[in-house]
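This report describes the architecture of one protein chain.

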Amino acid sequence: MDLILWRHAEAHDLREGETDDLARTLTPKGERNAARVAQWLNHVLPAGTRVLVSPAVRTQQTAAALERKFKTVAALAPDGSVEALLDVARWPEAREPVLIVGHQPTLGLAAAYLLSGTAQSWSIRKGAAWWLRCREKEGRQQVSLLAVRSPSLL
C-alpha cells in the first residue's frame, strides 16, 4: 500500500479576536506552493488514488490544487489522531494508494510511527508531501520512504 502524507501549504495566522482555526485560508505563497506540489503529484500519482482531506479550509484549498475528486474526512481535522488517520486510510490493507491532506503534528507523528515504530515528534514542512510504501517481504511488513517533496525543491 502507498500512503502519501501532504501537509497543507502556508496559511494565514489567526488574527486577534478570531477563534475559528478551521477557517484559515492559504496565503498567496501557500497557493503557489500547493500548485507546485500538486503538479508533481499529478505526474506520479496513479489515477485510482483516494484523496482524503481534513475539513479545514487550508487543506481543502491545498487539495483543490490537484484538480481531482477528494473526500472530506472529519477525523483528519487538526486535532485528529494517528490512529484515526491510519483507520481512514485503511492502512496497510488498502489496495489503492491513499493521499491524506492534513496537519501537523498528526502527519509527522504518523510518519514517525510507520517508519520507526515509535511515537516521535517529526516535522513535515508546510506544503511538503511524504510518500510511504508498505510491502510484505518474507512474511513481514516493511515500510519504506519513497519520496519527500517540498515546494522549495520543485
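## The largest cavity

Leu 76, Ala 77, Gly 80, Leu 85, Ile 100, Gly 102, His 103, Thr 106 and Leu 107 line the largest cavity. On a 1 Å grid over the protein atoms alone, a cavity is a set of points where a 1.4 Å probe fits but cannot get out, and lining residues have an atom within 4 Å of a point. The space in the largest cavity is about 50 Å³, where a volume is the space filled by probe spheres set on grid points joined across faces, edges and corners. The count of cavities of 30 Å³ or more comes to 1.

The lining comprises 5 nonpolar, 4 polar and no charged residues; in this classification Ala, Val, Leu, Ile, Met, Phe, Trp, Tyr, Cys and Pro are nonpolar, Asp, Glu, Lys and Arg are charged, and the others, Gly among them, are polar. Strand β4 and helix α4 (106-116) each contribute at least two lining residues.

## Basis of the model

The model is predicted: local features need pLDDT of at least 70 and side-chain atom pairs count only at pLDDT 80 or more, whereas totals for chains, interfaces and linings use all residues. Residues are numbered from 1 along each chain as its sequence is written, and side-chain values use heavy atoms, with hydrogens and water left out.

## Strand β4

Helices (H or I, at least four residues) and strands (E, at least two) are DSSP runs numbered from the N terminus. In strand β4 (residues 98-102), 5 of the 5 residues are buried, so the strand is largely enclosed by the rest of the structure; buried means under 20% relative accessible area with a 1.4 Å probe, protein chains only. Val 98, Ile 100 and Gly 102 point one way from β4, while Leu 99 and Val 101 point the other way. In a regular strand, side chains alternate between the two faces of the sheet.

Two strands pair if DSSP finds at least two bridges between them. Strand β1 (residues 2-7) pairs with β4 in the parallel sense over 5 bridges, with Val 98 as the bridge partner of Leu 3. Strand β2 (residues 50-53) also pairs with β4 in the parallel sense, over 4 bridges, and Val 53 stands opposite Val 101.

## The chain as a whole

The protein chain has 4 helices and 6 strands. Its radius of gyration over C-alpha atoms is 15 Å, close to the 15 Å that the globule rule gives for 154 residues, so the chain is as compact as a globular protein of that length; the rule is 2.2 Å times the number of residues to the power 0.38. Buried residues make up 46% of the 154 residues.

Conventions:
Buried < 20%, exposed > 50% of the residue type's maximum accessible area, 1.4 Å probe, protein only. 1 Å grid on protein atoms, 1.4 Å probe; cavity = no way out; pocket = protein on both sides within 12 Å on 5 of 7 lines; lining within 4 Å.
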